[in-house]
Amino acid sequence: MGPRALQSHLPKRLQSHKDASLSRRLSAGLLCSASLSIAWHSWQAPGRAFAAINIGPGGVLPDGRRRDAHAEEVSMCTEEGLLWQFPSLIYRRRLRENDDEVRALNEDIAVNFRRLMVRDEDGKKWSSEHYAGGYTSYFSLPALQKWVPPITQLEEWVNPHVEEFRKRARLAETRPLFMTDCWANVMGDGTTHAFHQHNRSTISGTYYVETPEGCSGLRFEDPRLDRTVAAQRRDCIECPAASGYVILFESWQRHTVPINRAAGGERIGVSFNYHWRYEEPSKIKLEGPEPARAAD
């Protein structure tokens with residue numbers, strides 16, 4: 001039985017949940033949202049026995065390889081007491097210490113994004129159908145760092161944060177990570193973004209440009225939910241959106257932006273992915289003057 005056929009017979013354990021238990025945490029640096037547990041559960045369904053499955057006890061990974069095909073990297077743990085192992089790391093820090101640099105960058109980004117909101121016809125069309133009350137360039141202009149000057153500057157300043165997070169998350173250093181995708185997210189009152197993951201990426205993140213009072217934060221879900229056999233709590237944490245801050249996380253981490261309730265302005269952010277590959281940017285021809293830095 002192949003992995004897809006097996007999946008169709010798995011118990012539907014995730015169809016009902018109690019209300020999410022939400023813990024709001026305001027802190028700088030790395031947040032350990034949850035510990036990952038990995039287990040193999042033997043089970044039987046009426047008339048079906050799954051004692052012999054020819055995919056290995058570790059299952060098949062997204063790249064199609066068996067988990068057992070990867071060599072084990074073992075670290076000895078001799079500590080006593082409560083051990084923090086396999087944490088889900090979330091990184092939250094201010095982009096730059098210099099307030100003037102951050103303010104100037106944010107003004108530039110806001111000017112350019114509001115131009116895109118007028119001129120990006122494909123993005124406007126997609127957003128009107130799927131992103132009510134907001135605008136995103138993800139499906140029209142997904143590589144802004146390659147041609148929008150302030151986003152190029154943002155990439156340069158984000159890179160050291162990505163490298164620090166990569167080291168703390170113990171991700172492979174086989175070759176440099178590149179910003180492969182970067183897009184605009186502008187959320188008006190009532191705009192939301194459902195739970196999702198970023199496929200074909202390693203590290204994902206968001207930088208906040210404008211965050212009016214009452215705007216939504218970035219909410220993360222405990223990744224153990226589909227593996228637990230205990231009481232099925234759906235724990236989440238929410239990192240507040242704050243202008244000038246960057247949040248990084250591993251791309252498999254499920255996250256959402258709850259309904260935005262900031263009536264005093266638009267919540268503007270820059271989202272991006274990093275991976276060990278490079279993609280050619282998409283471009284549109286802007287009419288009129290080239291995007292310029294906002295006046296001080």
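This report walks through a predicted model of one protein chain, from its overall make-up down to a few single residues.

## The big picture

Let's start with the whole chain. There are 296 residues in the protein chain, and buried ones make up 40% of them. The secondary structure comes to four helices and 14 strands.

## Helix H2

Helix H2 covers residues 99-119, which makes 21 residues. At the N-terminal end of H2 sits a cap: a side-chain oxygen of Asn98 lies 2.9 Å from the backbone nitrogen of Asp100.

Quite a few residues of H2 are buried, among them Val102, Leu105, Ile109, Phe113 and Leu116. The buried list also includes Asn106, Asp108 and Asn112. What do these buried residues pack against? Their partners are E5, E6, H4, E7, strand E9 (203-210) and strand E14 (267-275).

As a bit of background, nonpolar side chains in soluble globular proteins tend to be buried together. In this model, the largest nonpolar core has 36 residues. Ile109, Phe113, Leu144, Tyr207, Val270 and Phe272 are the ones with the most contacts inside this core. Which elements give two or more residues to it? They are E5, H2, H4, E7, E9, strand E12 (245-250) and E14.

Another core, of 14 residues, lies apart from the largest one. Its members include Ile90, Leu218, Cys239 and Phe249.

## Aromatic pairs

Searching the whole structure turns up six aromatic pairs. One of them is formed by Tyr91 and Phe165: the ring centres are 6.3 Å apart and the planes meet at 70°, so this pair is edge-to-face, a label that takes an angle over 60 degrees. Tyr91 belongs to strand E5 (residues 87-94) and Phe165 to helix H4 (residues 149-168), so the pair links distant parts of the chain, 74 residues apart. Buried or exposed? Tyr91 is buried, with a relative accessible area of 1%, and Phe165 is buried too, with 0%.

Next come Tyr138 and Trp183, with ring centres 4.6 Å apart and planes at 70°, so they also make an edge-to-face pair. Tyr138 is in the loop between strand E6 (134-136) and H4, while Trp183 is in strand E7 (residues 178-187), so this pair ties together parts that are 45 residues apart in sequence. Tyr138 has 35% relative accessibility and counts as partly exposed, whereas Trp183, at 6%, counts as buried. Both residues belong to one aromatic cluster, which Trp126 and Phe139 complete.

There is also a charged side chain over an aromatic ring. Arg92 lies over the face of Tyr245, at 4.5 Å from the ring centre.

His255 has its place in strand E13. With a relative accessibility of 4%, His255 counts as buried. A polar atom of the His255 side chain lies 2.8 Å from the backbone oxygen of Gln253. Which residues does His255 touch, not counting those up to four places away in sequence? The list runs through Ala194, Phe195, His196, Gln197 and His198, then Leu218, Arg219 and Phe220, and finally Phe249.

Ala262 lies in the loop between strand E13 (255-257) and E14. This alanine is buried, with a relative accessible area of 1%. Pro212 is 50 residues away along the chain, yet the C-alpha atoms of Ala262 and Pro212 are separated by 6.1 Å. Leaving aside neighbours within four places in sequence, Ala262 is in contact with Asp189, Pro212, Glu213, Gly214 and Cys215.

Definitions and conventions. Residues are numbered from 1 along each chain as its sequence is written. This is a predicted model: local features need pLDDT of at least 70, side-chain atom pairs count only at pLDDT 80 or more; totals for chains, interfaces and linings use all residues. Side-chain values use heavy atoms; hydrogens and water are left out. Rings of Phe, Tyr and Trp (its six-membered ring) pair if their centres lie within 6.5 Å; planes under 30 degrees apart count as stacked, over 60 as edge-to-face and the rest as tilted. Buried means under 20% relative accessible area, exposed over 50%, partly exposed in between (1.4 Å probe, protein chains only). A charge sits over a ring if NZ of Lys or CZ of Arg is within 6 Å of the ring centre and within 35 degrees of the ring normal. The expected span of a helix is 1.5 Å times one less than its number of residues. Contact means heavy atoms within 4.5 Å. A polar contact is a pair of N or O atoms within 3.5 Å; within protein, one must be able to donate a hydrogen and the other to accept it, and residues adjacent in sequence count only if both atoms are side-chain atoms. A nonpolar core is a set of buried Ala, Val, Leu, Ile, Met, Phe, Trp, Tyr and Cys residues joined through side-chain atoms within 4.5 Å.
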